[in-house]
Amino acid sequence: MAEGTARRAAFPLIRTLMVSHRLSAPWRLASSGSYLLTSAAFCVAYLLTEAAVGFYDAATFPSAPWHPQAALAVALIARGGIAYAPAVFVAVFVAEAFRTAAILGPAGYGILCVGVAATYCASGWLVGRRTRWGSLDVGLVDLTLLIAVALAVGIVVPAVFEAALLVGAAKPLVRIFDLFRELAIGHVLGLIVLLPILLQWPTGAWRAWTASSTASRAFVRDLLLFVLAVTGVLAIVFVVKPFDENRMFYVMFLPMIAAGMRYGLMGTALALPIVQVALIAALSAFAASDLAAFQFQLLMLALSVTSLYLGAAASERERAIERWAQTERELREERESLSEAQRAAAMAELTVAVAHDLNQPLSAIGTYAKACHLMVERGETDRAALLKTLNQLAAESARAGQYVRHMREFFRSGAMRSERVDLARLIEAAHARLRDRLDRDGITWRAMVEPGLPAARGDPVQIGMILDNLLVNACDALHGTSPPRVVEVTAQRVHGGERPILRVSVEDTGNGVPAEVREQLFKPLSTSKPHGMGLGLSLSRSIAERLGGRLWFDADRRRTAFCLDLTIDE
């Protein structure tokens, strides 16, 4: 009757687990061959483990010293899903049938099996759904949740066992507290020691860790050294006994710290089962009482938790270093891509600059060449005029070639040529190049250079191109306007900021620049000229800034004025 009650109590729970599995995987998995094979393999492993730990139920251990079968069940659910709950229930029912069925009776046996199996399934579901165990990204939060689950199992399973004893035992119970204590520490140790390696080993995380570990080739050597170190420490603690056994056990932290720091969480997960098995063997051979064994199990629990946190911290540190290295590689690749883009932009800018700024000298060359051709064609014998025109043609040709060379040097090396620049001579040269146009358009030229003006520092060719652009723009602005038409160039020292500068101003008496156009003056491809490219002011400002100066529009003056600030040669 009681047995039938226990079965009826178990069936609703199993149905609930089956319904909840719809969240993770289809229940039809139960009909597959791999599912049945995995379930059978788990049941065999669970029963063999149960039988192995039952070997220690002697005077030293009134209950099994640890319960690795709990880790097997939790790992199965965590990795395979709640679909494997029937396998867990079957394994628990069969295992307890040999150990406790006769003692507890049908009712107590049913309560114990259902409670234990349900606890394992719920714990496995929580670990599988709420943590990243099974990957290389396991962190301190995942480890904390696993330890919390282990502690919860260590409390719930002994409580279920006590309830089963109270319901089903026919004789008065003794040592209930001691039995609860042994069951709790056994389950907590079984989960904390064995569950990490079970969660990581069946997945690709272990192989990925082995492949990516910097010391993977020395892994076998280090494993052998670790086993020897553990054996040596236990020999000192239980055989040599130079001090109190419990205090000497703290020496075991040394090899565990080494394993955690060298191999991170994966190394700690592999080292803990080795230490646990060796400790149980040593306790079985040398422990004088069950209390001493319990004390060592508490020390093992402290060692396990500390080592796992140390290993997790080391793994997170290694992942942070890898992420930093990956970020550095990505930044390096981005810098290289940016450099390529900058070189492409520089080539484009060079092309545009040459196309724009060579227009003036090439036009002058064409004009002088045509003038020479007309002189020869008409048979004019003014030798001086012909030589002067040829000299001007040669000068413009040399200026164009010099400009191309300077621009090529700059875009190749990124360095701007820096020389002493006589602004008075530069202004006079610009006036000479524009004299014919000034005369043709009836434009008055005025130039005022401050006496004793020091030399500027920069590239004379590029400064000359900036000045030519400003003067041509001024002449264009005066085209079609009523007299007087005046272009005025001034060069003076200006005391402002930290140090004095040289300022070259180009003013004209044209119609001015509308307010809505001023914000677009120095933007590329912005022009009000019918045949303009909209690049002159933009390129001129770019060159001025590379020379350490500034090109700007002075909106405070009554007439249209552009100012070029240059550094003084000191």
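**Cavities and helix packing in a predicted model**

User: Which helix supplies the largest share of the lining of the largest cavity?

Analyst: The largest cavity is lined by 13 residues, and those nearest its centre are E96, R99, Y120, V157 and H187. By class, this lining divides into 7 nonpolar, 3 polar and 3 charged residues. At least two lining residues come from each of α2 (33-54), α4 (85-99), α5 (101-130), α6 (140-168) and α7 (176-200), and the largest share, 3 residues, is supplied by α5.

User: How many charged residues are in the lining of the second largest cavity?

Analyst: The second largest cavity is lined by L423, L426, I427, I463, L467, V504 and L564. Two or more residues of this lining come from each of α15 and α16, with α15 giving the largest share, 3 residues. By class the lining has 7 nonpolar residues and no polar ones, and the number of charged residues is likewise none.

User: What is the handedness of the crossing in which α15 passes α16?

Analyst: The axes of helix α15 (residues 423-441) and helix α16 (residues 460-478) come within 10 Å and cross at roughly 35 degrees. The contact is made by L426, I427, A430, R433, L434, R437 and L438 of α15 together with P460, I463, G464, L467, D468, L471, V472, C475 and D476 of α16. These contact residues divide into 11 nonpolar, 1 polar and 4 charged, and the crossing of α15 with α16 is right-handed.

User: Are α16 and α18 roughly parallel or roughly antiparallel to each other?

Analyst: Helix α18 (residues 536-546) packs with α16 at an angle of about 150 degrees, their axes being 10 Å apart. Since angles over 145 degrees count as roughly antiparallel, the two helices α16 and α18 are therefore roughly antiparallel.

User: How many charged residues are in the contact of α16 with α18?

Analyst: The crossing of α16 and α18 is left-handed. On the α16 side the residues are Q462, I466, N469, L470 and N473, and they meet G536, L537, S540, I543 and A544 in α18. This contact divides into 5 nonpolar and 5 polar residues, and the number of charged residues is none.

Notes. Residues are numbered from 1 along each chain as its sequence is written. This is a predicted model: local features need pLDDT of at least 70, side-chain atom pairs count only at pLDDT 80 or more; totals for chains, interfaces and linings use all residues. Side-chain values use heavy atoms; hydrogens and water are left out. Axes are lines fitted to C-alpha atoms, for helices over the stretch in contact, and angles run from 0 to 180 degrees between N-to-C directions. Helices (H or I, at least four residues) and strands (E, at least two) are DSSP runs, numbered from the N terminus. A crossing is left-handed if the near helix is turned anticlockwise from the far one by less than a right angle, and right-handed if clockwise. Contact means heavy atoms within 4.5 Å. Ala, Val, Leu, Ile, Met, Phe, Trp, Tyr, Cys and Pro count as nonpolar, Asp, Glu, Lys and Arg as charged, and the others, Gly among them, as polar. Angles under 35 degrees count as roughly parallel, over 145 as roughly antiparallel, 65 to 115 as roughly perpendicular and the rest as oblique. On a 1 Å grid over the protein atoms alone, a cavity is a set of points where a 1.4 Å probe fits but cannot get out, and a pocket is an open set with protein on both sides within 12 Å along at least five of seven lines; lining residues have an atom within 4 Å of a point.
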